[in-house]
Amino acid sequence: MRTPWRDFLRTETGSATFLLAAVVAALAWANIGPASYAAVWGTHLSLELGSHGVSLDLRDWINNGLMTLFFFVVGLEARREFDMGELRERRRVALPLLVGIAGMVIPVAVYVGINSSHSSVHGWGAAMSTDTAFALGMLALLGSRLPTGLRVFILTITVVDDFVALGVIAVAYSDRIAVAALLVALGIFGVILLLRAAGVRRGPVYALLAIALWTALLKSGVDPVVTGLAIGLLTNAYPAARSDLERATGLFRLFREQPTPELERSVRQGLASAISPNERLQRMFHPWTSYVIVPLFALANMGIPIGTEQLSRALHSPVSLGILCGLVLGKPVAVLGTSWLASRLTHGRTRPPVGWGATAAGGTIAGVGFTVSLLIATLAFTGNQLEEAKIGILGAAVCAFALSWAVTAVIGLLPRRTQIRALLGATEEIVDLAAPVDDERDHIRGPRDAPVTMVEYGDFECPYCGKAEPVVRELLADFGDLRYVWRHLPLTDVHPHARMAAEASEAAAAQGAFWPMHDLLLDRQDALKVSDLVRYATELNLDVQRFQRDLRNRVGAGRVAEAVESADLSGVSGTPTFFINGVRHHGAYDIGNLSAAVRTARQRAAVRQS
């Protein structure tokens with residue numbers, strides 16, 4: 001099934017194709033019709049309200065206006081990682097933060113070293129930022145060569161990268177500061193914080209205040225794209241709570257009985273409140289920023305004439321060489337060096353979430369700088385220097401991909417066990433399963449000492465659990481070292497027979513027949529009345545009188561309630577939900593995805609044991 005995280009990766013990596021197409025289109029347009037290119041993007045557009053207004057050319061509207069939405073999405077993703085992702089375990093924040101800062105400081109030092117005796121030294125900011133869209137696009141192109149954990153690590157670094165870069169833009173590359181307008185902007189931001197503290201959840205209110213904040217920052221001389229990142233970081237992310245989902249179900253049933261406008265509005269509000277504002281806003285804006293805004297930014301800014309003269313000048317330009325060397329050499333040194341140093345100083349307590357080979361590949365991928373580098377270049381340079389900076393940024397992207405491909409090719413040549421260690425490392429993953437598997441109380445299929453344990457929270461009446469069951473059986477047949485655990489999560493608000501079916505399986509378990517009953521219940525989900533359950537007990541040759549007595553006295557209710565409580569503690573709100581070695585499985589539960597997750601868990605277990 002689709003998840004916010006997979007949607008984010010799919011959108012970001014898919015948009016890399018659009019971004020690349022926009023770069024090619026801009027280069028072709030600027031070299032075929034340079035006059036029309038300059039005329040279109042130099043066209044002024046004014047928005048006025050009474051005696052006040054904003055007048056910018058189209059390029060500035062994109063750079064200062066639309067790009068605010070791009071950084072808004074970056075802020076949303078940063079907050080989501082902090083609330084629900086890898087960074088919810090706060091000790092894991094330290095390494096990406098250090099790597100992100102070092103990944104900016106070292107490239108800047110390389111750039112300054114090359115440009116120290118030239119007037120172009122003030123453009124150091126163009127050499128320090130990694131492009132999120134291109135970086136994840138490169139990861140997608142490299143495919144299965146690199147582990148999924150590297151995506152999270154790179155994304156976290158780029159979020160730190162973007163946050164610091166926007167601070168640099170605000171301080172080092174903004175025009176002369178207008179204090180009065182800046183104070184107004186701070187006052188508006190204070191109002192936003194007060195409304196958030198008061199629990200106000202009206203989107204239009206925050207949208208109007210954000211527009212006012214953006215306008216005040218623009219008038220103050222501070223780059224207004226900071227608005228997007230700040231608002232994004234304030235937007236909470238949280239998983240859908242089962243109580244909220246049950247409330248939404250109740251509202252929908254009321255609407256089904258009485259389809260009035262008032263109940264329709266209540267249903268919409270109930271559904272919206274069950275999903276975090278962070279997730280709703282990401283789903284709304286992320287496709288637009290990835291497929292429209294960032295490609296438009298590239299189209300408006302990457303149009304540079306490229307001929308023998310320009311290339312010759314760039315080859316000897318300290319601007320081009322500083323950006324190229326800063327990104328292609330400085331980034332890998334920063335990512336790999338900082339990670340290694342942190343691991344040594346903490347005796348292995350702080351280390352990357354992947355192996356050192358994958359970390360090295362992450363360092364080379366981080367050398368692709370585009371969006372923010374280009375934004376800073378347009379603020380720092382004009383004329384020939386701007387053209388040289390753009391050529392340096394383009395060259396860095398090409399070199400970063402070539403180096404990343406070479407690193408993954410070398411890893412692929414290593415012996416299998418060494419290769420797995422180089423890719424996965426030995427870092428412990430965050431355990432999402434709150435209640436560990438209990439050999440005495442849990443229902444277990446497979447060897448008790450298996451290196452991989454898959455836990456499923458399921459509902460006997462849930463059709464999706466029924467569809468997942470053949471996949472589970474195929475996994476157990478394919479992997480002899482897999483242990484499978486079933487835990488109850490009857491969704492009684494939508495499946496009226498689910499709890500009784502769960503208690504029937506426990507009544508069967510009291511006679512040593514849990515798994516035969518489990519299989520029957522999932523095979524016959526459309527017949528789960530009490531009479532059906534008794535018939536199944538007869539088919540399994542159980543003591544029917546004892547089964548009926550246990551069912552009537554609800555002997556298994558305690559075990560079911562215990563499983564439901566563990567589901568709540570683990571943040572499970574729907575079925576089926578899978579955990580593999582304690583880590584929640586996000587995504588589809590088809591045989592391909594679950595097999596890949598089991599193989600990865602088995603490889604990690606082998607690395608830890610060796």
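A salt bridge is taken here as a side-chain nitrogen of Lys or Arg within 4 Å of a carboxyl oxygen of Asp or Glu. By this rule, the count in the predicted model comes to 17 salt bridges.

**Salt bridge within a helix**
- Arg79 and Asp83 form a salt bridge, with the closest N and O atoms 2.9 Å apart.
- Both residues lie in helix α3 (residues 58-83), four residues apart, or about one turn of the helix.
- Arg79 counts as buried at 17% relative accessibility, whereas Asp83 counts as partly exposed at 23%.

**Salt bridges between distant parts of the chain**
- Arg441 and Glu562 meet through their side chains in a salt bridge of 2.9 Å, N to O.
- This pair spans 121 residues, from the loop between α18 and β3, which holds Arg441, to helix α24, which holds Glu562.
- Arg441 is partly exposed at 36% relative accessibility, and Glu562 is partly exposed at 39%.
- Arg445 in strand β3 and Asp519 in helix α21 are 74 residues apart; the closest N and O atoms of their salt bridge are 2.7 Å apart.

**Helix crossing**
- The axes of helix α20 (residues 498-509) and helix α23 (residues 544-552) come within 9 Å and cross at roughly 135°.
- The two helices, α20 and α23, are therefore oblique to each other, and their crossing is right-handed.

**Nonpolar surface patch**
- Leu97, Ile101, Val105, Phe163 and Val164 form a nonpolar surface patch with about 410 Å² of accessible area together.
- Helices α4 and α6 each give two or more residues to the patch, and α4 gives the most, with three.

Terms used. Residues are numbered from 1 along each chain as its sequence is written. This is a predicted model: local features need pLDDT of at least 70, side-chain atom pairs count only at pLDDT 80 or more; totals for chains, interfaces and linings use all residues. Side-chain values use heavy atoms; hydrogens and water are left out. Patches are made of residues with over 30% relative accessible area and no salt bridge: like charges are joined within 9 Å, nonpolar side chains (Val, Leu, Ile, Met, Phe, Trp, Tyr) within 5 Å. Accessible areas come from the Shrake-Rupley method with a 1.4 Å probe; for residues, only the protein chains shown count as cover. Axes are lines fitted to C-alpha atoms, for helices over the stretch in contact, and angles run from 0 to 180 degrees between N-to-C directions. Angles under 35 degrees count as roughly parallel, over 145 as roughly antiparallel, 65 to 115 as roughly perpendicular and the rest as oblique. A crossing is left-handed if the near helix is turned anticlockwise from the far one by less than a right angle, and right-handed if clockwise. Buried means under 20% relative accessible area, exposed over 50%, partly exposed in between (1.4 Å probe, protein chains only).
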